[in-house]
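Keep the picture open while you read.

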Amino acid sequence: MIGWLEAVVLGLVQGLTEFLPISSSAHIRVVSAIAGWQDPGAAFTAVIQIGTELAVLIYFRKEIWEIISTWTRSLFNRDLRGHWAARMGWYIIVGSLPIVVLGVTFKDQIETVFRDLRLVGTTLIVFALLLWFADRTARNKLTLEKHLSFTHAIVYGFAQALALIPGVSRSGGTTTAGLLLDYRREDAAKYSFLLAIPAVLGSGVYELREIGKGPAPEWGPTILATVISFVVGYLAVAWFLRYISTHRFTGFVIYRIVLGFFLILAVTAGWIPALG
């Protein structure tokens, strides 16, 4: 069971890593394994992500309100249907479909085999190399308001769905897709944050029913971890968007590769269990 200390640590980990391209779910899994704690499970991970998504809602509150209000009014007013905010509403809906379908289809695997640390280590390395390639080859010129399309939204959506495997990173996967499509770093990251809102909130609310049942953690530690992830996540998203406006992703790539090889070595050597 998750104790209060574990809740504090995992809440900090979630808040610090959710918006960085290093996979928050992988870090929750890894930190628990290294500390000798029981795997908190997919339900706990999904629920405490609600905290970081609330941070996104507050940080981007003006843009989100404009998207929701303009999209809603455009259903009845044809003149608004060409507005960037109305189109963004549809792009977020369309881009959310892949992760919903695949999340339901592979629910059992997400809660079991996808949490194998050998797989986590491998995906950390593979997607680090993809991020490096995208960052080095991207022309870094397209913007969301002018260039985002339904085709691009679908590509983003499938990239986000890959994050169902811990180690891929929701932020990293979608940002990589955006870079490969030649979006600016800030725009690629921003859309990945907005696109995550329906999927993460939906998954978190759905998994609320598991909290306090069977192997899932109790409500108290889960709420504490969620609150901590909200506070830390708000600070992290602000820092990350400023950072990538002037820096490449090289540091994150190196970190992912080192962590990935360490995990594979640690499991192979028997230092930590692959599943636990």
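Before we start, one term: a residue is called buried under 20% relative accessible area, exposed over 50%, and partly exposed in between. Take K190 as a try-out: its relative accessible area is 23%, so K190 is partly exposed. Keep in mind that this is a predicted model.

**The inside**

In soluble globular proteins, nonpolar side chains tend to be buried together. So what does that look like here? The largest nonpolar core has 38 residues. The ones with the most contacts inside this core are F60, M88, L148, Y191, F193 and F240. Helices 4, 5, 7, 9, 11, 12 and 13 each give two or more residues to the core. Helix 11 gives the most, with seven residues.

Which residues does F240 touch, leaving aside its neighbours within four places in sequence? Its contacts are F19, L20, P21, S171, A189, F193, F249 and F252. There is also a second, separate core of 12 residues, and V30, V120, L259 and I272 are among them.

Now look at S32 in helix 2, which runs over residues 24-35. Buried or exposed, at 0% relative accessibility? S32 counts as buried, because 0% falls under the 20% cut-off. A polar atom of the S32 side chain lies 2.8 Å from the backbone oxygen of I28.

T174 sits in helix 10. T174 also has 0% relative accessibility, so T174 counts as buried. Beyond residues up to four places away in sequence, T174 touches Y156, A159, Q160, S192 and L195.

**Charged pairs**

Side chains of opposite charge can pair when their charged atoms come close. How many salt bridges does the structure hold? There are 11. Here are some of them:

| Pair | N to O distance |
|---|---|
| E18 and R170 | 4.0 Å |
| R29 and D39 | 3.6 Å |
| E63 and K190 | 3.5 Å |

Start with E18 and R170, which meet in a salt bridge. This pair links distant parts of the chain: E18 is in the loop between helix 1 and helix 2, R170 is in helix 10, and 152 residues separate them. E18 is buried, with a relative accessible area of 6%. R170 counts as buried too, at 15%.

Next come R29 and D39, another salt bridge. R29 belongs to helix 2, while D39 is in the loop between helix 2 and helix 3, 10 residues apart. R29 has a relative accessible area of 2% and is buried. D39, at 13%, counts as buried.

Then there is the salt bridge between E63 and K190. E63 lies in helix 4 and K190 in helix 11, so the pair ties together parts that are 127 residues apart in sequence. E63 counts as partly exposed, at 23% relative accessibility. Salt bridges that share partners also join R29, D39 and R115 into one network.

Two loop residues are worth a click. N140, in the loop between helix 7 and helix 8, has a positive phi of about 55° although it is not a glycine. N140 is partly exposed, with a relative accessible area of 28%. S169 is in the loop between helix 9 and helix 10. Phi of S169 is near 85°, again a positive value in a residue other than glycine. Why does S169 count as buried? Its relative accessibility is 3%, so S169 falls under the 20% cut-off.

**The outside**

Finally, turn to the surface. L75, F76, W90, I93 and F150 form a nonpolar patch there, with about 540 Å² of accessible area together. One of them, I93, lies in helix 5, residues 84-105. At 37% relative accessibility, I93 counts as partly exposed.

V126, in helix 7, is partly exposed, with a relative accessible area of 41%. The C-alpha atoms of V126 and V94 are separated by 27 Å, and the two residues are 32 residues apart along the chain.

Key: Residues numbered from 1 in each chain as written. Predicted model: local features only at pLDDT ≥ 70, side-chain atom pairs only at ≥ 80, totals over all residues. Heavy atoms only, no water. Patch = residues over 30% accessible without salt bridge, like charges linked within 9 Å, V, L, I, M, F, W, Y side chains within 5 Å. Areas by Shrake-Rupley, 256 points an atom, 1.4 Å probe, with all protein chains shown as cover. Salt bridge = Lys/Arg side-chain N within 4 Å of Asp/Glu carboxyl O. Helix = DSSP H or I, 4+ residues; strand = E, 2+ residues; numbered from the N terminus. Buried < 20%, exposed > 50% of the residue type's maximum accessible area, 1.4 Å probe, protein only. Polar contact = N/O pair within 3.5 Å; in protein donor to acceptor, adjacent residues only side chain to side chain. Core = buried A, V, L, I, M, F, W, Y, C linked by side-chain atoms within 4.5 Å. Contact = heavy atoms within 4.5 Å.
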